[in-house]
Each structure stands twice: as C-alpha cells, then as structure tokens.
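Biologist: I am new to this structure. Please pick a single part and take me through it closely.

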Amino acid sequence: MSEDEELSYSAAIQEASKSICRFPLIPVKGIPLMSYIANNFDAISAFCPDSSDLLIATYPKAGTTWTQEIVDLLLHNGDAETCRRAPTPVRSPFLEICNPPPIPTGLELLSKMAPPRIIKTHLPFQLVPAGFWEKKCKAIYIARNAKDNVVSYYHFDRMNLTQPEPGPWEGYIHKFMHGECILMCSAVPWGSWYDHVKGYWEERDKRNILYIFYEDMKENPRREVERIMRYLDLSLSDDIITRIVELTSFTAMKENPMANYTCIPKSVFDQSISAFMRKGEVGDWKNHFTPEQSAEFDADYERQMKQADIPFRTEFY
Ligand code: PPS
C-alpha cells in the first residue's frame, strides 16, 4: 500500500467515525457477529486465498497483534523500518471486518495486496472460508487462557465503540461463559471462547495448524518466535531473532504507532478508557475476579472443557 493509500485509510476511518455506533449482533450459523460482518458474510465465505497466504486465527484478545508483528518481522528479516510501513490492520488485513463506508473492508484491502498476505481472523474454525483448507494455507492459532482473555475482552469492549456495550463486569463474565446465546444481547462477538479454542485444537493436526499459547509467548518469547520461524520454513540468524524478540516486547509494541492502534481515532477506539496495549500480562484476572466469581467460572470451565485436553495456564508457578 502506498503512502497515499495509507493516508486515505486513516482519512476513511475519520470520515466514517461520524456514523460509528455499537453495532448489534446477528447470528451467522449460530455465531454472533456484528451486523456489518453478518450482512456481508456470503462475500467473506467466498474469499479465495492464495496457497501462499498465511492465516492468523484467534479468539479476540488472545495475542493476534503480537503474532502479526512477529510474523511480519520474520518475513522481512527483522527489518523494523519495513515493518513500520503501515499500521497493523493495513499490513495484515482483518479478513471479516466490515465497517461503515468509506472504511475499506478486510476483503477490499486484501484485493489490493499481492500474495503472500498475512490475514487475521477471529472466525471460529467452522466459519473460516473453505478455500484456506482447500489451498492448504498455513495457519497459526494463538490461544490465551480464558480468565485473562475475558478480562482483556471486557476492557476492549469498553473502549471499542463499535462492539456491543459490555455492561458491568459481573454480567460480562456470564456473557463470556455462555458464549452464543439465543438472546444476542447476552452474547459476545465471535461467540464462545470454549468452542473457539476447542474447534481449532481438534483440527490442528489434520490442517497443519500451528497452535500456540499466549502464556508460552510470555514465558519464553524467543522459543515461540523460533517455533513460528520454523513453521514458516525460515531460517534467520540468532542476532535477527534477538532483534525480533526486542521489537515485539510489550513495551516496544506499546510505543510503536504502527502496532498500538493509535491509527484508529478516539471516536472508534477510545484509548483514554483503556489502552489497546493495556497490560500484556499473565494473571491479571486476579485483579478482576472475586473469589466467588473465580469459583463459579472454574466450575463452569470444568463442565465446558472436560473433554478437551488443552494445556492452558492461568498463571506461572
Ligand atoms: S485483537 O483486538 O483481538 O486483535 O487483540 P489482540 O491483539 O488479540 O490482543 C490484545 C491483547 O494482547 C496484548 N498484547 C501483548 N501482550 C504481550 N506482549 C505483546 N507484545 C503484546 N501485544 C499485545 C494486549 O496488551 C492485549 O492484552 P491485555 O491483557 O488487554 O493487555
């Protein structure tokens, strides 16, 4: 994307922000999606990737932006300058995103880029366009433990003025636990965390999906950057890997205007309510859950995850 196009992206958001509102949720095959996305879903489903495209799939707030930055740097040999060519959503379009015109949709941005592209999605496995699997595209799935994920999502829904109003924390936990309800007013966009993480987990071997954990990235970022590098069939020097780990630390990304979403105006992302790069920690849930809420959440978690053998960690021991 040229500098002019990048400027026009920011200008488009500025223009559209006058008509921004908290969009209602509409179910698509049972998954609650924001109305703009749901109404455009046939076009999203029909998207035909190139076999060289890479999909980065996550439940919202699981470490998408972090992984997008790591992958962009890996593909550009750790060149920080090149990776500051445009904000994250322009460098690595969000497949299903649709907002009021004139903001370009994810599909429009993708149509102007030559493969290989780094494509972000929050769609659960069953809603991902079939072309990704038919073309045997590589895909990285990042999962984050449910308790930190719900905390991050809650603060995001407070500041992202296009997502449904989160309401009080107490009620939000229940919306998150119940995922996709019949009542769209008591659901969260993209539906159940539990079904999302299980859906990709079950398909990871068959579809050659690299399934990684936010907590592992925090614990040993170098090990996880190297894991991603090998999955992408790249081989970079130790020095470049060290550089990539530094450039993708929470502090570096919080300060990076091309990664911290300050490209989105306050009328859409009000970062005075909560920063996009908020805390970036494992275990922040302890500052939010009461002991009673934690016990109720854990009991429900047991029920929803009992068949799944996914090694989530909610803290470091
Ligand atoms: S989104 O909107 O779904 O794309 O958000 P996503 O990028 O998936 O998740 C945002 C959370 O990830 C944290 N983050 C990071 N943590 C550690 N290191 C790095 N480099 C990093 N970059 C982003 C970000 O702070 C959000 O988590 P919380 O817990 O809210 O701070």
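Modeller: What follows is a look at the ligand's surroundings, then at one helix there. This is a predicted model, so local features need pLDDT of at least 70 and side-chain atom pairs pLDDT 80 or more, while totals for chains, interfaces and linings use all residues. Residues are numbered from 1 along each chain as its sequence is written, and side-chain values use heavy atoms, without hydrogens or water.

Around the ligand there are 22 residues, each with a heavy atom within 4 Å of it. Thr64, Thr65, Ser152, Lys279 and Gly280 come nearest. By class, the shell has nine nonpolar, eight polar (Gly counts here) and five charged (Asp, Glu, Lys, Arg) residues.

Now the polar contacts (N or O pairs within 3.5 Å). Gly280 uses a polar backbone atom, 2.7 Å from a ligand oxygen. The protein covers 98% of the 650 Å² of accessible area (Shrake-Rupley, 1.4 Å probe) that the ligand has on its own.

Which helix gives the largest share of the shell? Helix 4 does, with three residues. Helices here are DSSP runs of at least four residues. Helix 4 spans 64-75.

Asp72 of helix 4 also pairs with Arg85, from the loop between helix 4 and helix 5. Their salt bridge (Lys or Arg nitrogen within 4 Å of an Asp or Glu carboxyl oxygen) is 3.0 Å, N to O. Asp72 is buried (under 20% relative accessible area) at 1%.

Key: Polar contact = N/O pair within 3.5 Å; in protein donor to acceptor, adjacent residues only side chain to side chain. Helix = DSSP H or I, 4+ residues; strand = E, 2+ residues; numbered from the N terminus. Salt bridge = Lys/Arg side-chain N within 4 Å of Asp/Glu carboxyl O. Buried < 20%, exposed > 50% of the residue type's maximum accessible area, 1.4 Å probe, protein only.
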